[in-house]
Amino acid sequence: MVENARFGKIGNWWTSLEKIRTSPTTGAESLYVYEWAERPVILSEGFYSDQYPESSKFTDGPTIIHNLLCGLDSMFLHEFTNLNREYLSENGFRAHLIDRLKDPGLLHHFVFWDFNKDRTAVTFEWHHYHGESKICLEMLHGQNYDIYGRPCLANAIRLPWNHLQDLYHDELKCHRSAYAQKLFNEVIGWPLS
């Protein structure tokens, strides 16, 4: 097992997309694929093969987990107030996420895609946690729902969820990357169907 493992600076979906738009070379696009697909898969596979420790054992892991959870806590406290008690309960959504975040690949994925700032992504994970597969499949294919399971209009501003959803659909159509397949299937648990 790697001793003193570090996440280091985890990129961000927006800055990575900006690098592609402003860079005259193709290196920025390769780096983008590495950041959103390859690195999380490598970390996750390393974790499950005992090459990497769980996320909290990374040198900078506790800080990254804390920051992610603070954003989620704030979202549930201020935006999903009626669900805050369920979120915080002993076996609630927060406890479920803490358990899932032991996988450093998933933690990297959530940080890269600003999970704790994107209501739609959190809503999707909420429904996934509650076993509402019909809603999840419809969300993956473009129908928006609120956290209570009611259909709603899409946000006019394209958020991280929308970009990740585009990558998901590109992968469904083209099967370009084995890493993307593994990310969607194994790391984040999305069906590719």
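L31, Y34, I42 and Y179 form a nonpolar patch on the surface, with about 310 Å² of accessible area together. Such patches join nonpolar side chains (Val, Leu, Ile, Met, Phe, Trp, Tyr) within 5 Å, from residues with over 30% relative accessible area and no salt bridge. Areas follow the Shrake-Rupley method with a 1.4 Å probe. The model is predicted: local features need pLDDT of at least 70, side-chain atom pairs count only at pLDDT 80 or more, and totals for chains, interfaces and linings use all residues. Numbering starts from 1 along each chain, and side-chain values use heavy atoms, without hydrogens and water.

Helix α2 (residues 27-48) supplies the largest share of the patch, three residues. I42 sits in helix α2. I42 is partly exposed, at 33% relative accessible area (buried is under 20%, exposed over 50%, partly exposed in between).

The largest nonpolar core has 50 residues. It is a set of buried Ala, Val, Leu, Ile, Met, Phe, Trp, Tyr and Cys residues joined through side-chain atoms within 4.5 Å. W36, F76, W113, F115, V122, F184 and W190 have the most contacts inside this core. Helix α3 (residues 61-78) gives the most to the core, with seven residues. Beyond four places in sequence, W113 touches W13, Y32, W36, P160, H163, L164 and L167 (contact: heavy atoms within 4.5 Å).

Q165 lies in helix α9 (residues 160-174). Q165 is buried, with a relative accessible area of 9%. A polar atom of its side chain lies 3.3 Å from the backbone oxygen of L140. Leaving out residues up to four places away, Q165 touches M139, L140, H141 and G142.

Definitions and conventions: Helices (H or I, at least four residues) and strands (E, at least two) are DSSP runs, numbered from the N terminus. Buried means under 20% relative accessible area, exposed over 50%, partly exposed in between (1.4 Å probe, protein chains only). A polar contact is a pair of N or O atoms within 3.5 Å; within protein, one must be able to donate a hydrogen and the other to accept it, and residues adjacent in sequence count only if both atoms are side-chain atoms. Patches are made of residues with over 30% relative accessible area and no salt bridge: like charges are joined within 9 Å, nonpolar side chains (Val, Leu, Ile, Met, Phe, Trp, Tyr) within 5 Å. A salt bridge is a side-chain nitrogen of Lys or Arg within 4 Å of a carboxyl oxygen of Asp or Glu.
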